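Please take a first look at the model shown here.

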2 protein chains.
Amino acid sequence: MVKKVLKFGGTSVGSTERIQHVANIIKKEVSSGSKIIAVVSAMAGNTNELIKLSNEISEEFNKRELDVLLSSGEQVTCALLSGALIKMNIKAKSWLNWQIPILTEGEHTNARIINMHVEKIKNYLDEDGVAIIPGFQGISKNGDITTIGRGGSDATAVAVAKIFSADSCEIYTDVDGVFSTDPNKIPVAKKIDKISFDEMLELSSLGAKVMQSSAVQTAMMYDIPLEVKSTFTERKGTKIFNQDNIDYSKSVTGVAYSKDDAKITITGVEDKPGVAANTFEPLNKAQINVDMVIQNISSDQKTTDITFTVKRDDVSKTIKILKENAKINYKEIIYNDKVAKLSIVGAGMVSTPGVTYRMFRALSDENINILAISTSEIKLSVIIEENNILKAIKKLHTIFDLD
Amino acid sequence: MVKKVLKFGGTSVGSTERIQHVANIIKKEVSSGSKIIAVVSAMAGNTNELIKLSNEISEEFNKRELDVLLSSGEQVTCALLSGALIKMNIKAKSWLNWQIPILTEGEHTNARIINMHVEKIKNYLDEDGVAIIPGFQGISKNGDITTIGRGGSDATAVAVAKIFSADSCEIYTDVDGVFSTDPNKIPVAKKIDKISFDEMLELSSLGAKVMQSSAVQTAMMYDIPLEVKSTFTERKGTKIFNQDNIDYSKSVTGVAYSKDDAKITITGVEDKPGVAANTFEPLNKAQINVDMVIQNISSDQKTTDITFTVKRDDVSKTIKILKENAKINYKEIIYNDKVAKLSIVGAGMVSTPGVTYRMFRALSDENINILAISTSEIKLSVIIEENNILKAIKKLHTIFDLD
């Protein structure tokens, strides 16, 4: 008998009407003989509302209590979905983080799942019950509620699939699957039927936003095939496999972008060992995520300029930290928070010569200036002015045969 | 060192601003050296909103899941209040029903607290921590979440006071205390400084609405003195003691009323043993609460009329049940859902002659017809037409020297 983990995101359970629709999806699966564990997010908007309340009290709200607060959202959805199934004469039951329990380690608001007790839920599945589990949370060794970071319901689903040896893990969301680029921006964007974990990782960390990266990483590590599909249509979704199982006819699978980036340059830094380390150490301590880093030699050959990108929201904090932790000498700090990151992703890139050249040529043809470049085996990213992003995506989507 | 249980109702924690105000009240208590356990309700409106969601799915929403759903409300308040205290540098921690745990027995949505583990919280109080506990909920022997009926946070507070041997139990609410009658209706209504448990029970079950009756009963049983006071003013509240400790100068302490009553009469019922039992048995099974019951002999002396009152919401259900469970013969069922119940309450009544007569005379003077009468040692209730209620309250309030 097939055992499936179905995960439903916030918009999929955003109203009681939608929850009843989700119950229908589960009913169909049960009728076709599958054993179902459903992992649910909080109703869309709920988590933000709770965060707003906590911010009204303190912007540095105690993290243990923040976890207690936020975990209530998925509890609500679990109860409502379970009640909706029971109303449809499907045997169902909500299992809260402490009732299973879902064991986590790591700090509050950023814990990770290390284990789950399977016995009780296994028995319940054997009695043909549908188990409804809250995503995004667990308990610590001390019995405190923990959350596993925002969007962590995907990670819960993958962990459940692994620990219960599920046959598949289906991520129900509000889009049809993973697209070759943003379908809201580029009408010719196409849904990708199959994609490798590696490509998916590059795409989701670059703004494809369909799934959380850490969940994809876990699925890759344990070789758990995923399927991302829409709650609201019956169309086929995107299957995410190991690379070996995918046949590549195209060098580039998708074009991704993120436009909440900012570029910071520190000029006139001494050109000697340890400078980069001294620059980034305080940023690391402050948990500011530095993305691309480029170091150029400046004209006088004694000093250098360091350029890097951070999320736009972090710009003022980053500059403040750099100024207050002046273990380095520099001339000035300049920034541009009107930049965007554009990437082409494809597991076939490494075996196809000329992809890099074709990308640079295409951007040049459109008179788009490249501000920074970074590459990996399956990805090529450039930083460009934000107002060029749409033109650039369109051009690359066309020249790499994705339309 | 004084150990206090402070309970804060839904309006007292109805916004983050109010929660911060509550945190200030607790801070003051801590500064004056008290050890504090705070019991909190869900934010005002939250429970109703959750019930609305469950009704959208099913009006007979599964009760186990309803408990999971509703208990989330107090979890939110616990976290927010605890976070607010920590922000003010007060050591504080939320303790959820399963973390303590609070053990209950009885059916879902209507369980009762039978015990709590005290060890961990006692230690925490000894380390000068403030423990924040959710009202209205617990867990069953099976580890399922249970709730103890609406308004049950009062019952939690009293149970906590008992189990932790607290020196006092203070019920913070949105009124200044218990009044001689409804201050919204009768401007001369006066706050009562001291009242006995018995009187309070009669008053709260009759619509004084300041505290849940079952909580007052428990406090009476274990002799736990209560104080009802306002979260929003610094005025003294109403102290609720055992009767022995109160000196009565007045025969009547207060005038209470409830206006959501309905009177049902079954006419032409055979006048023989078992008729009353056969009438009320199916109502009891359906958990319909029958209040006053009067039986009159009818003109032909072979049949009788049975009159009783129920909550107005239960009228149609009651009539349906009576018609479908016709173990009794009757002529017709008539009802009046425009009636109100008016009561005078006072532990001094029993020792003061003429109270009954004075009440009847006063109503007669106002030309108010009495539809039914019921008496107990400290209470005298009458059913009157609803539109007479205000006039009647005013009159009684005056003649019993309560203005």
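## The rotation axis

A rotation of 180°, with 0.1 Å of shift along its axis, superposes chain A on chain B at an RMSD of 0.2 Å. The two copies are thus related as by a two-fold rotation axis. The superposition is by least squares on the C-alpha atoms of residues with pLDDT of at least 70 in both copies.

This is a predicted model: local features need pLDDT of at least 70, side-chain atom pairs count only at pLDDT 80 or more, and totals for chains, interfaces and linings use all residues. Residues are numbered from 1 along each chain as its sequence is written, while chains are lettered from A and ligands numbered from 1 in the order in which they are written.

## Where the chains meet

The contact takes 29 residues from chain A and 29 residues from chain B. Two residues are in contact if their C-beta atoms, placed from the backbone, lie within 7 Å. On the side of chain A that touches chain B, helix H1 (16–31), helix H2 (46–57) and helix H3 (63–87) of chain A each give two or more residues. H3(A) gives the most, with 14 residues. Helices (H or I, at least four residues) and strands (E, at least two) are DSSP runs, numbered from the N terminus.

This side of chain A divides into 14 nonpolar, 12 polar and 3 charged residues. Here Ala, Val, Leu, Ile, Met, Phe, Trp, Tyr, Cys and Pro count as nonpolar, Asp, Glu, Lys and Arg as charged, and the others, Gly among them, as polar. The copies meet through the same surface, because 100% of the interface residues of chain A are also interface residues in chain B.

## Chain A as a whole

Chain A has 11 helices and 18 strands. Its domain assignment gives domain 1 (3–174) and domain 2 (255–399); such bounds come from an automatic or database assignment. The C-alpha centres of these two domains of chain A lie 37 Å apart.

The C-alpha atoms of chain A fill a box of roughly 75 × 50 × 35 Å along the principal axes. Buried residues make up 47% of the 403 residues in chain A. A residue is buried if 20 or more other C-beta atoms, placed from the backbone, lie within 10 Å of its own, exposed if 12 or fewer, and partly exposed in between.

## The nonpolar core

The largest nonpolar core has 227 residues. A core is a set of buried Ala, Val, Leu, Ile, Met, Phe, Trp, Tyr and Cys residues joined through C-beta atoms within 7 Å. Ala38(A), Leu81(A), Ala38(B) and Leu81(B) have the most contacts inside this core. Not counting residues up to four places away in sequence, Ala38(B) touches Leu6(B), Phe8(B), Ile26(B), Leu81(B), Val130(B), Ile132(B) and Ile133(B).

## Local backbone features

Most residues other than glycine have a negative phi, and most peptide bonds are trans. A cis peptide bond joins Ile100(A) and Pro101(A), with omega about -20°. Pro101(A) sits in the loop between strand E3 (92–94) and strand E4 (102–105) of chain A. In chain B, the bond from Ile100(B) to Pro101(B) is also cis, with omega near -20°.

Asp223(B) is not a glycine, yet has a positive phi of about 55°. Asp223(B) lies in the loop between helix H7 (213–221) and strand E11 (226–230) of chain B. With 10 other C-beta atoms within 10 Å, Asp223(B) is exposed.
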